[in-house]
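Welcome! Take a moment to look over the sequence and the 3D view, and then we will walk through some of the details together.

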Amino acid sequence: MKKLLLITLCVFGMFGALKAQETEVVIDGTVGSYDESMNRYAPIFVAYQYSISQQYYLAEEIGMEAGTITSLSFKTDMTWYETAPRRLDVFLVNTENSSFNGLNMEQLTLDDIHFSGNVTFAPSAWVEIKLDKAFNYTGGNILICVSDMTGTQGFFDGYFTGFVLPEGSPARCVWHRNETLPFDPIAKVEVANEVSYCIPFIKFVFSETDAIEENAASFNVYPNPVENELFIATEMNVEEIAVYDVYGRQALSQQVNETTSQQVVNVAELNEGVYFVKIVTDNGEIVKRFVKK
């Protein structure tokens, strides 16, 4: 069932100040039924090297007038899962649409990407994806697109938890997978090969303060699209910078300037297209997507 949980998180510093207040919205089958016998390939299908899915969540299910979404979670339905992370792009879009007409997915833009990086899924658990860029929800329906660009197959004995729509309902989920090329819903309209009437369970976290997320505040990668020089501004200590193409091949590496908080990556010699810059710091790593024009 859909649950609206108001969770007040009191994060105290030295003076005990209130740092954040959050609301969780869980959509897990009020409008349908859970069927554990179904194969649930959305939001990702790790048995293939590349997969993509899109699904609509409706305003009446979300139950919020508006707000700022800072993270979302999908729930796995498996007793074991590989530990290798999957490299994902997650798109979020405010929309009036509520279902798919045929197999055509919605074409998206670079601004619609709110997470680009690695996600490690855990067995039989909610797996949180903290957004790189908070999503300004306007109170209507939401389109979620998850593109798995890992480029390798995974092995598992289960899928993701989802709910089946009532009989006669329009299709609200489409997906596709292949072994050769990554998907790019920005460059063209992707055509799905499957329509699903099973929607993944999802959990949204709404922030009720103006707090800036750590990931979003820690890194600023610009301009995007870029022609010659890509700037990376961060307060963290950068140890390594590398750029990869959509096939996972390293396109270039960048020597780190340890004396400045802004790194400059020369991308002038790269061909036009989509790339990922991996930034390794003393506090972990983050992957950002950019377009070379």
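## A lysine and its partner

Lys188 has a relative accessibility of 43%, so it counts as partly exposed. What does Lys188 form with Glu190? The two residues make a salt bridge, and their closest N and O atoms are 3.3 Å apart. Glu190 counts as buried because its relative accessibility is 6%, under the 20% cut-off.

## How confident is the model?

Keep in mind that you are looking at a predicted model. The protein chain has an average pLDDT of 82, and 83% of the residues score at least 70. Among the elements of the chain, strand S9 (residues 141-148) has the highest mean pLDDT, at 97. The lowest mean, 37, belongs to strand S1 (residues 3-7).

Over residues 1-19, pLDDT stays under 50, and the model has 40 contacts beyond four places in sequence for them. Residues 209-216 also keep a pLDDT under 50, and for this stretch the model has 15 contacts beyond four places in sequence.

## Salt bridges across the sequence

Side chains of opposite charge can pair when their charged atoms come close. How many salt bridges does the structure hold? There are 5 salt bridges. One of them joins Asp148 and Arg86, with the closest N and O atoms 3.0 Å apart. Asp148 lies in strand S9 and Arg86 in strand S6 (residues 86-95), so this pair ties together parts that are 62 residues apart in sequence. Are Asp148 and Arg86 buried or exposed? Both Asp148 and Arg86 are buried.

Another salt bridge connects Asp184 with Arg289, where the closest N and O atoms are 3.2 Å apart. Asp184 sits in the loop between strand S12 (173-178) and strand S13 (194-196), while Arg289 belongs to strand S22 (residues 284-292), so the pair ties together parts that are 105 residues apart in sequence. Asp184 is buried, and Arg289 is buried too. These two residues are also linked with Asp89 in a network of salt bridges.

Where is Tyr197 found? Tyr197 is in the loop between S13 and strand S14 (198-200). With a relative accessible area of 42%, Tyr197 is partly exposed.

Technical notes
Residues numbered from 1 in each chain as written. Predicted model: local features only at pLDDT ≥ 70, side-chain atom pairs only at ≥ 80, totals over all residues. Heavy atoms only, no water. pLDDT = per-residue confidence, 0-100. Helix = DSSP H or I, 4+ residues; strand = E, 2+ residues; numbered from the N terminus. Contact = heavy atoms within 4.5 Å. Salt bridge = Lys/Arg side-chain N within 4 Å of Asp/Glu carboxyl O. Buried < 20%, exposed > 50% of the residue type's maximum accessible area, 1.4 Å probe, protein only.
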